[in-house]
Amino acid sequence: MKSIKGTKIFERSEIKEAANLLQQGKLVAFPTETVYGLGANALDEAAVRSIFTAKGRPADNPLIVHIAKQEELKSLVKGELTEDVKRLISNFWPGPLTIVLSKNAKVPAVTTGGLETIAVRMPQHPVALELIEATQLSIAAPSANLSGKPSPTLVKHVIDDLAGKVDGILAGGQTGIGVESTVVDLSQVKPVLLRPGGVTYEELTDILGKVEIDPTVEAKLSNDDQQAISPGMKYKHYSPQAEVILVEGRTEEIPTKIKELIGAHSAQKVGVMATKEFSNYYQDVTVKEMGSRSNLAEISTNIFKLLREFDAEGIDEIIVEGLPVEGLGLAIMNRLRKSAAYQIIEV
Ligand code: TXA
Ligand code: MG
């Protein structure tokens with residue numbers, strides 16, 4: 001086993017050792033099918049508190065609790081599971097769907113940021129499942145980045161942000177989906193989508209019928225103008241060092257607008273996050289391809305990694321091509337709008 005700045009780096013064959021640390025109330029980051037998470041025993045107040053310290057996360061931003069077996073949900077929530085909840089679980093677990101329900105007294109307030117509700121998901125990644133199962137615990141795990149930074153999709157990102165701040169990092173390859181789980185609130189009478197993610201809005205409504213969309217999901221306005229139900233959505237998010245400008249609207253007009261912006265920022269080091277379809281069009285700037293417009297899954301895998309790459313290359317200004325907000329596009333645009341801190345240009 002390697003160690004970087006005192007943080008143990010575990011390989012897949014060392015899951016047992018990683019699980020032991022979690023059982024001792026320590027912090028261990030691990031891969032999931034969405035992004036890397038930073039885990040701790042969800043029912044251990046001191047352990048959970050150290051997650052907030054390591055990430056520099058505001059204490060009122062609640063954590064998602066991860067379980068390895070569907071049955072464990074009942075041990076965390078109040079009352080019986082409704083038919084809606086059962087249907088969601090049988091369709092999407094394990095997978096990138098987080099369900100918010102009323103919590104029971106066993107769950108400490110630190111874990112839920114003081115809320116009476118708890119967010120729970122069963123991840124799909126074999127390493128995550130094996131790790132959680134080995135601990136025989138429920139594991140609270142926010143994304144394993146410093147608060148405010150783009151979420152980690154490679155173990156390198158976790159090491160860059162958290163080595164020296166956490167006890168262990170369980171290494172895995174690049175995470176598949178690349179944006180975080182969908183968060184849906186079923187603690188009230190009507191289901192509300194709080195954060196779009198790996199499970200699309202269309203997939204949710206197929207199962208639930210009508211689902212309200214929290215105003216923060218479209219995220220075109222700064223949160224000062226909105227009431228955030230999902231407390232996490234009101235903070236600075238997914239922000240690289242560089243300034244980000246997002247150009248969205250009519251697809252055919254986006255490249256021309258970006259060219260104009262490149263000209264206007266000629267004194268700076270400009271990078272363009274482009275789709276494959278338009279990437280050859282931009283000159284004299286650093287261009288990185290997100291993927292093809294016809295393959296949103298490819299784009300979602302890449303966006304956070306590319307934002308970090310631009311930073312590593314000392315880019316000052318990242319100009320990003322917007323996408324239609326359908327399917328995974330809703331989650332991708334939600335993250336891009338936030339990383340642009342609402343600097344959005346509509347064409
Ligand atoms: O894919 C994911 O969900 C990743 C991986 C590691 O599982 N985790 C993740 O956690 O994205 P985090 O902490 O970065 O984001 C959790 C989101 C925040 O927006 C938070 O406000 C919301 O879930 N959330 C958690 N508990 C909640 C609750 N009780 N009510 C409303 N929103 C909640
Ligand atoms: Mg996060």
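Colleague: Which helix gives the most to the lining of the second largest pocket?
Modeller: Helix 9, with five residues. This is a predicted model: local features need pLDDT of at least 70, side-chain atom pairs count only at pLDDT 80 or more, and totals for chains, interfaces and linings use all residues. Residues are numbered from 1 along each chain as its sequence is written, chains are lettered from A and ligands numbered from 1 in the order written, and side-chain values use heavy atoms, leaving out hydrogens and water.

Colleague: What makes a space a pocket or a cavity?
Modeller: The grid has 1 Å spacing over the protein atoms alone; a cavity is a set of points where a 1.4 Å probe fits but cannot get out, while a pocket is an open set with protein on both sides within 12 Å along at least five of seven lines. Lining residues have an atom within 4 Å of a point. The second largest pocket has a volume of about 280 Å³, a volume being the space filled by probe spheres on points joined across faces, edges and corners.

Colleague: Which residues lie nearest the centre of that second largest pocket?
Modeller: Lys156, Asp160, Arg308, Glu309 and Ala312, out of 13 lining residues. Helix 5 (155-162) and helix 9 (296-312) each supply at least two residues of this lining. Helices here are DSSP runs of H or I with at least four residues, strands are E runs of at least two, and both are numbered from the N terminus.

Colleague: How do the residues of that lining divide by class?
Modeller: Three are nonpolar, two polar and eight charged. Only Asp, Glu, Lys and Arg count as charged; Ala, Val, Leu, Ile, Met, Phe, Trp, Tyr, Cys and Pro are nonpolar, and the others, Gly among them, polar.

Colleague: From which domains is the lining of the second largest pocket drawn?
Modeller: Domain 1 (2-178) and domain 2 (243-346) each give at least three residues. These bounds come from an automatic or database domain assignment. The C-alpha centres of the two domains lie 30 Å apart. Contact, meaning heavy atoms within 4.5 Å, links 14 residues of domain 1 with seven of domain 2.

Colleague: How many cavities of 30 Å³ or more does the search find?
Modeller: One. The largest cavity holds about 40 Å³. Its lining includes Thr182, Tyr201 and Leu330. Helix 6 (201-208) and helix 10 each give it two or more residues. Seven lining residues are nonpolar, four polar and none charged.

Colleague: What is the order of the open sheet of five strands?
Modeller: 15-14-16-13-17, with parallel pairing. Strand 15 (286-291) and strand 17 (344-346) pair on one side only. Strand 13 and strand 16 share five bridges, and Val247 stands opposite Glu321. Helix 9 runs at about 155° to strand 15, and helix 10 at about 135° to strand 13.

Methods:
Two strands pair if DSSP finds at least two bridges between them. Axes are lines fitted to C-alpha atoms, for helices over the stretch in contact, and angles run from 0 to 180 degrees between N-to-C directions.
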